[in-house]
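User: Could you walk me through this one? I'd like to go from a single strand out to the whole chain.

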Amino acid sequence: MGNSPSVTLSAPKLALPTGFVWGTSTSSYQIEGAASEDGRGPSIWDTHCKLRGRVSNDDTGDVACDHYHRYRQDIQIMSDLGIQAYRFSLSWSRLMPRGRGSVNQKGLDFYDKLIDGLLQADIEPWICLFHWDFPQLLQDLGGWSNRDSVGWFADYAMLAARRYGDRVKHWATFNEQSVSTLFGYLWGISPPGATDRAGYFRVVHHENLAHGAAIEALRSTVHKAFLGVIHNRQAVYPERFDPAHQSAVEPMDAHWNKIFPDPQILGYYPETLAQDIEPFMRAGDLASICRPLDWFGLNHYSPIWARVEPNSTLGFQMGDFPKDMAHTEINWSIYPEAFKHELLELTRRYQLPVYVTENGCGSNQEKPDESGFVQDDHRINYISLYMQKMAEACQEGADVRGYFVWSLLDNFEWGAGYESRFGIVRVDFDTQKRTPKASAKWYADLMRINQ
Ligand code: FCB
């Protein structure tokens with residue numbers, strides 16, 4: 001059991017700005033399933049899951065929450081809870097099985113039906129174009145290492161903008177670029193599993209260019225578009241607050257927090273990294289990356305604890321939190337003060353309205369009763385502590401305009417497979433039965449009280 005501070009279980013009235021948006025978040029590979037159905041092409045996560053030992057229990061997203069077939073029920077669940085906005089991602093390889101060129105009509109139709117269903121239920125769709133499930137056939141051409149990826153992504157963005165832009169106004173280009181590039185191109189943990197320093201910087205730069213190109217495509221196509229990008233940007237502290245690890249803080253902060261948002265929003269790379277990007281930079285690149293944005297999406301769970309690690313490629317690694325610190329059942333530190341700090345810092349640094357596009361609490365110990373119901377007080381505690389800090393941040397000047405809980409459903413949690421559950425709705429992965437947990441009822445109350 002995680003050691004987490006307790007708060008009251010009734011939903012609080014929070015001092016938040018009027019018009020505050022309440023939502024839930026998911027992503028395509030984590031919930032859709034139907035991995036080889038109706039013409040979907042493979043993504044790098046399909047490939048990765050098939051390599052033995054990479055994902056807990058060798059789980060895969062082949063079926064996941066079967067949302068591809070059960071989306072109507074999932075919309076109904078959101079509607080019953082009173083959810084106002086739903087953030088989801090498109091599967092690039094469902095729309096373009098080879099990642100470029102031919103388009104899959106059935107894939108296009110699926111998101112049409114999802115979007116129309118959401119709108120009918122009065123739920124605002126928020127689309128994220130890329131949540132890590134990069135098309136495998138583009139990976140075979142070098143993936144993000146190939147500068148052509150900028151054009152591939154722009155074409156995909158244009159396809160989505162033309163098809164859905166009449167109904168969808170809220171768009172994000174990428175989800176957590178720093179997490180997917182550090183884990184996938186430097187630390188070798190996520191697909192494609194690379195560990196090459198120069199290769200990592202090349203990918204970073206191309207992904208930055210792809211972001212700018214997608215913003216151009218969306219801006220020129222979607223009337224009244226509200227465009228943003230979603231980053232996992234966190235306060236960074238030395239491991240266990242130990243001053244011996246202080247020198248890992250600045251580089252971790254530059255890589256985790258700044259290497260993407262700084263060029264995208266401020267127009268330059270952090271000074272300490274510019275030299276590493278230089279070999280891949282061409283005239284005009286920074287201007288192409290830095291396109292006007294309307295909002296910043298913050299995904300936040302825990303601060304980053306940085307450790308000096310002379311043997312790792314960049315000389316630092318992710319470290320441990322202080323021993324006596326509260327933590328969730330999956331061992332992520334609970335430190336709501338860092339959330340408040342980050343919301344204030346984001347407002348100051350980037351001067352954009354902030355939407356919390358992910359926050360939530362994972363568990364590998366939840367036990368349902370015979371009806372499938374889970375009394376997840378630990379999750380209610382966590383979310384409620386973080387929300388109090390979010391409200392405090394707003395009172396002190398942070399420009400926070402919305403909150404999307406991660407996640408609507410228990411789902412495929414990347415390397416942890418189905419072991420980590422983040423949903424406010426339980427999914428029984430044997431039967432696909434959905435059962436709202438105590439936290440779902442609490443969240444419904446919260447939204448009603450804080451309209
Ligand atoms: C974030 C990811 C999301 C989910 C949560 C728990 O980093 O964006 O897909 O896995 O963590």
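**A covered strand and its surroundings**

Analyst: Let's start with strand S2 (residues 85-89), which is mostly covered, with five of its five residues buried. Strands here are DSSP E runs of at least two residues, helices are H or I runs of at least four, and both are numbered from the N terminus. Buried means under 20% relative accessible area, exposed over 50%, partly exposed in between (1.4 Å probe, protein chains only). This is a predicted model, where local features need pLDDT of at least 70, side-chain atom pairs count only at pLDDT 80 or more, and totals for chains, interfaces and linings use all residues. Residues are numbered from 1 along each chain as its sequence is written, and side-chain values use heavy atoms, with hydrogens and water left out.

User: In S3, which residue is the bridge partner of Phe88?

Analyst: Two strands count as paired if DSSP finds at least two bridges between them. S2 and strand S3 (residues 124-130) have five, in the parallel sense. Within S3, Phe88 has as its partner Ile127.

User: And which residue stands opposite Tyr86 in S2?

Analyst: Look at strand S1 (residues 21-25), which runs parallel to S2 and is joined to it by three bridges. Opposite Tyr86 stands Thr24.

User: In what order do the three strands S6, S8 and S9 form their open sheet?

Analyst: The pairing in this sheet is mixed. Strand S6 (236-238) and strand S9 (316-318) are the edges, each pairing on one side only. That gives the order S6-S8-S9.

User: What is the bridge partner of Ala306 in S9?

Analyst: Strand S8 (residues 304-308) and S9 run antiparallel, joined by three bridges. Ala306 is paired there with Met318.

User: Zooming out, what radius of gyration does the protein chain have?

Analyst: The rule for a globule is 2.2 Å times the number of residues to the power 0.38, with the radius taken over C-alpha atoms. For 451 residues, a compact globule would come out near 22 Å, and the chain agrees with that at 21 Å.

User: What share of contacts between residues at least 6 apart joins residues at least 24 apart?

Analyst: A contact means heavy atoms within 4.5 Å. In this chain of 16 helices and 13 strands, the share is 78%.
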